[in-house]
Amino acid sequence: MQLLTIEELLSGRKPSEPINTRIIVYPSETWELALGCEDPRVIVDNNMYVMLYTGVAFSEKNIGIKPNIGISKLYSLQAIAFLDKDMNVLRKDYFKIAGYG
């Protein structure tokens with residue numbers, strides 16, 4: 001298996017052979033089915049990966065909270081995924097950040 005560092009990729013180095021990859025988080029829930037899972041941010045916590053991302057849905061039906069409605073009339077919300085050390089999804093959910101006032 002060939003590995004490239006971030007620095008090598010940023011400098012324009014290309015792999016000499018195909019690199020095997022695996023899609024880890026993909027649209028599988030109601031709140032992700034319009035445009036999928038976007039803009040991920042990942043941290044490691046207690047040997048578990050925690051990923052915050054944006055889920056985009058076609059409607060608010062079956063979501064249970066009122067998500068933000070964008071210009072495109074799609075519904076976006078904050079989502080979270082928990083993955084084990086082998087990058088297997090253990091759980092996915094969504095949440096809303098509410099302001100005061």
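**Exercise 1.** Is Lys14 buried or exposed?

*Solution.* This is a predicted model, in which local features need pLDDT of at least 70, side-chain atom pairs count only at pLDDT 80 or more, and totals for chains, interfaces and linings use all residues. Residues are numbered from 1 along each chain as its sequence is written, and side-chain values use heavy atoms, with hydrogens and water left out.

Step 1: recall the classes, which are buried (under 20% relative accessible area), exposed (over 50%) and partly exposed in between, with a 1.4 Å probe and protein chains only. Step 2: Lys14 has a relative accessible area of 69%, so Lys14 is exposed.

**Exercise 2.** State where Glu32 lies, classify Glu32, and list its contacts.

*Solution.* Step 1: Glu32 belongs to the loop between H1 and E1; helices (H or I, at least four residues) and strands (E, at least two) are DSSP runs, numbered from the N terminus. Lys14 is found in the loop between helix H1 (6-10) and strand E1 (36-45). Step 2: the relative accessibility of Glu32 is 0%, so Glu32 counts as buried. Step 3: apart from neighbours within four places in sequence, Glu32 is in contact (heavy atoms within 4.5 Å) with Tyr26, Pro27, Cys37, Tyr53, Val56 and Lys92.

**Exercise 3.** Describe how E1 and E2 are joined.

*Solution.* Step 1: two strands pair if DSSP finds at least two bridges between them. Step 2: E1 and strand E2 (residues 48-57) run antiparallel and are joined by 8 bridges. Step 3: Asp45 stands opposite Met48 in E2. Step 4: the hairpin has 2 residues between the strands, and Asn46 takes a positive phi near 55° there.
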